[in-house]
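Dear colleague,

I am handing over a structure that may be new to you. Please look through it first; my notes on what was found follow below.

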Amino acid sequence: FNSLAKPILSAKPVSNPKAGALRRRSNPPNTEFRRFYERGDLPVAIEHSGAGNRIQWKVDIDKLDYHHYLPILVDGLREKE
């Protein structure tokens, strides 16, 4: 092994495939979250202020029925509008 030898370069660098996590996606139509939010069935409201928007809970968090609302709220993570 000679440390002065020129390194062997490959013809093309290998790159990992892109997952597309930052690619623009369309908003999913008619999710459960959208349906419940537009009807006012969710115990949350958006509080608009100068510093930004915040969630305001209408019910105490300890009294929230997670078996009912958690799947709906997770479905809302896909919403963009």
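Which residues does lysine 80 touch, not counting residues up to four places away in sequence? Lysine 80 touches Arg25 and Asn27, where contact means heavy atoms within 4.5 Å.

Before I continue, a word on the source. This is a predicted model, in which local features need pLDDT of at least 70 and side-chain atom pairs count only at pLDDT 80 or more, while totals for chains, interfaces and linings use all residues. Residues are numbered from 1 along each chain as its sequence is written, and side-chain values use heavy atoms, with hydrogens and water left out.

Overall arrangement

The protein chain contains two helices and two strands, and from the N terminus on these elements follow the order α-β-β-α. Helices (H or I, at least four residues) and strands (E, at least two) are DSSP runs, numbered from the N terminus. Of the 81 residues in the protein chain, 17% are buried. Here buried means under 20% relative accessible area, exposed means over 50%, and partly exposed lies in between, with a 1.4 Å probe and protein chains only. The accessible surface of the chain is about 7,800 Å², and carbon and sulfur atoms account for 55% of that surface. Accessible areas come from the Shrake-Rupley method with a 1.4 Å probe, and for residues only the protein chains shown count as cover. Among contacts between residues at least 6 apart in sequence, 50% join residues at least 24 apart.

Lysine 80 is placed in the segment after α2, and arginine 25 in the segment before α1 (32-39). These two residues are 55 apart in sequence, yet their C-alpha atoms are 9.3 Å apart in space. For lysine 80 and asparagine 27, the separation is 53 residues in sequence and 5.9 Å in space, C-alpha to C-alpha. Arginine 25 also touches Gly20, again not counting residues up to four places away in sequence. Arginine 25 counts as partly exposed because its relative accessibility is 49%.

The two strands

Strand β1 (residues 44-49) and strand β2 run antiparallel and are joined by six bridges; two strands pair if DSSP finds at least two bridges between them. A hairpin of two residues leads from β1 to β2. Alanine 45 has glutamine 56 in β2 as its bridge partner, and glutamate 47 stands opposite arginine 54.

The largest nonpolar core has seven residues: Phe33, Phe36, Leu42, Val44, Leu64, Tyr69 and Ile72. Helices α1 and α2 each supply at least two residues of this core. A nonpolar core is a set of buried Ala, Val, Leu, Ile, Met, Phe, Trp, Tyr and Cys residues joined through side-chain atoms within 4.5 Å. Leaving aside neighbours within four places in sequence, leucine 42 is in contact with Phe33, Phe36, Tyr37, Lys58, Tyr69 and Ile72.

The structure holds one aromatic pair. The pair is stacked because the rings of phenylalanine 33 and tyrosine 37 have their centres 6.0 Å apart and their planes at 10°. Rings of Phe, Tyr and Trp (its six-membered ring) pair if their centres lie within 6.5 Å; planes under 30 degrees apart count as stacked, over 60 as edge-to-face and the rest as tilted. Both residues belong to helix α1, four residues apart, or about one turn of the helix. Tyrosine 37 is partly exposed, at a relative accessible area of 37%.

The charged end of arginine 39 sits over the ring of phenylalanine 36, 5.1 Å from its centre; this requires NZ of Lys or CZ of Arg within 6 Å of the ring centre and within 35 degrees of the ring normal.

Finally, aspartate 75 is found in helix α2 (residues 66-75). Aspartate 75 counts as buried because its relative accessibility is 19%. Apart from neighbours within four places in sequence, aspartate 75 is in contact with Thr31, Glu32 and Phe33.

With kind regards
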